Amino acid sequence: MSSRLIGLVAFVVTAAIAWGFWSWANAPVELPDVPNAHVACTSYAPFRGRQTPHNESFVAPPEQIAEDMAILKSVTDCVRLYSARQGLEEVSVQAAQLGMSVLQGIWIGANPQNNQMEIDAALDVVARNPQAVKAVIVGNEVLLRREQSPENLRKLIREVKARTDKPVTYADVWEFWMKNRDLADEVDFVTVHILPYWEDEPVSIDDAMAHLRRIIDEVKAAFPNKPIMIGETGWPSEGRTRGPAVPSLVNQASFIRDFIPLARNLGVDYNLIEAFDQPWKRVQEGTVGGHWGLVDEYREQKFPLTGPVVEMPNWHWLAAGGILVAGLLMIAAGRRIPDHEIDEHLGREIAGWVSAVTAAQLAGATLLLSIDHLSLVNRGPVEWAIGIGLWLVSAVTAVVLARRWAGPAEARIQPAPVIEVLRALRRPLGIDWLGAGDGPRGLRLGLLKGLAAVAVAIAMIGLALDPRYRDFPIVTFLIPAIGWAVDALMPVAGRARTPRLRLKIEEALLALMIGGGALAVAIGEGPENGEAHLWALIGLVFAAAVAVAPRRSQSDSV
């Protein structure tokens, strides 16, 4: 049996297994249907791409809002706004034409002049389109942001109530309503935000409905004479895990489909956050901030409101792409074994091929998931450049290590230490980097490994010190971490100036930063965050790969 035939059979078998795993992970999930495939109300902001409300000169074009409202008409008859400026005055016009209603928001901040312009703009919308506006919301989480005192907010609410006959309310997280109960005297109904994912003690999707029921009961008991509206609730489809709260498309759909009958049973009106994914929120809240919408940023509905839901609807393309990349990695490795040696060691050859193609399938899937991840997390040219650069480091690492492992042990040289790489980078490009000798090849390997190690250290420290809005970049660094860890266990050719098991101070510091950060992340995120623990494990594996020098081959260990 030839080496190529063994490799082909192993590849076909592992490809079938990979396809089966993708299919299993994305099996349709049955969920309760939303009656009439309609929700009561949903928050709306018109911003697309790089548009942002923080650009005060931006005005949403009327045709853009008309297009959005036509899309939303298919899933709801009500939208909640947070302002009446930047073109949003067009919303009530479109709503009136479509037979929809509007909860008109007034954005209240710290600046009195801006607040007055917001009030005037919103009341002008109400006066021009009274049939579309259902209520007015004076301020959104302004007490939570500490931009107004309860006393000043009370004055603003009174001013608005004096100028309109529409019901008036204020919206904030439920804890701040419980701390400022007398504010209910100023409003016609109490609007509370309940977001299990963002609670100080995050709530899992399995416990979310029980949590909502408990909070709604508490709010009703605190304000027995006021109607209650849930002004914001929902679940993110992408982003970092917080404690037991895991963002995912199926979890988002499950939350919405379970919540709507709960709200009906409890007799409370509600508004979901939100209509469309908002890319601009990723700047403030990380990946998770931009993925709360029923509809994605490209104006495609993310999941149906009836029938089964699939976690990754495009999984067929990702699976096929991963298998294709795995094949390219195997070709790049160029593993060749003489037939007479195969006959003598058939079992070992089969095991070698199975190991190689399995690693290639895992690497291919990881690289495809990394590309998908790039489209979700990057927020501008700089982040795209960094993301693509790190993806290239991962891809090149996969190719380099595949070729390295396919060759004989005596040909594998040890990556140069970080200090040697830094010294070489300070000199003009020349013999240090070019050529096929041990020196240039070791420097190139050392640079590749060092780039990944420094990037992992930066990501790990960031997550240890300021984790709230940072993702766990697992797919970004999975290949370098596991690849270099495995490489450290494999025999290599030695060099006189790099003694076996001698650890340079630079490597020791990098390993300490990565490993120490990994432990800090695991402890800080708590025992329920499986994603954080996987990231910490990757960090510890990478720290070991940095700290442990590869073994020399027997022929070179004298």
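Predicted model: local features only at pLDDT ≥ 70, side-chain atom pairs only at ≥ 80, totals over all residues.

Author: Here is a walk through some labels and the values behind them.

Reader: Fine by me. What is the protein built from, and what box do its C-alpha atoms fill?

Author: The protein has 18 helices and 10 strands. Its C-alpha atoms fill a box of roughly 90 × 50 × 45 Å along the principal axes. Of its 558 residues, 53% are buried.

Reader: Which residues are linked with Arg48 and Asp68 in a network of salt bridges?

Author: Glu67 and Arg299 join Arg48 and Asp68 in that network. Over the whole structure there are 22 salt bridges. As a general point, side chains of opposite charge can pair when their charged atoms come close.

Reader: How do you know that Asp120 and Arg163 form a salt bridge?

Author: Again it's the N to O distance, here 3.1 Å. That is within 4 Å, so Asp120 and Arg163 count as a salt bridge. Asp120 sits in helix α4 (residues 112-128) and Arg163 in helix α5 (residues 150-163), 43 residues apart.

Reader: What about Glu186 and Arg158: what are their labels, buried or partly exposed?

Author: Glu186 has 12% relative accessibility, which is under 20%, so it counts as buried. Arg158 has 47%, so it is partly exposed. Their side chains meet in a salt bridge at 2.8 Å, N to O. Glu186 is in the loop between α6 (174-179) and β6 (190-193), while Arg158 is in helix α5, 28 residues apart.

Reader: What makes Ile17 exposed?

Author: Exposed means over 50%. Ile17 has a relative accessible area of 56%, so it is exposed. You'll find Ile17 in helix α1 (residues 3-25). Ile17 also belongs to a nonpolar surface patch with Leu5, Leu8, Val9, Val12 and Val13, and together they have about 540 Å² of accessible area.

Reader: What sets Asn36 and Glu141 up for a remark about phi?

Author: Each has a positive phi although it is not a glycine: about 60° for Asn36 and about 55° for Glu141. Asn36 lies in the loop between α1 and β1, and Glu141 in the loop between β4 (133-140) and α5.

Reader: So which labels do Asn36 and Glu141 get, buried or exposed?

Author: Asn36 has 74%, which is over 50%, so it is exposed. Glu141 has 15%, under 20%, so Glu141 is buried.

Reader: Which peptide bond is cis?

Author: The one from Ile273 to Glu274, with omega near 5°. Glu274 lies in the loop between β8 (269-272) and α9 (281-289).

Reader: Last one: why is Ile205 called buried?

Author: Its relative accessible area is 19%, and the cut-off is under 20%, so Ile205 counts as buried. Ile205 is in the loop between β6 and α7 (208-222). Leaving out residues up to four places away in sequence, Ile205 touches Trp235, Asn251, Ser254 and Phe255. Ile205 and Val246 are 41 residues apart in sequence, yet their C-alpha atoms are 7.4 Å apart in space.

Notes: Residues numbered from 1 in each chain as written. Heavy atoms only, no water. Helix = DSSP H or I, 4+ residues; strand = E, 2+ residues; numbered from the N terminus. Buried < 20%, exposed > 50% of the residue type's maximum accessible area, 1.4 Å probe, protein only. Patch = residues over 30% accessible without salt bridge, like charges linked within 9 Å, V, L, I, M, F, W, Y side chains within 5 Å. Areas by Shrake-Rupley, 256 points an atom, 1.4 Å probe, with all protein chains shown as cover. Contact = heavy atoms within 4.5 Å.
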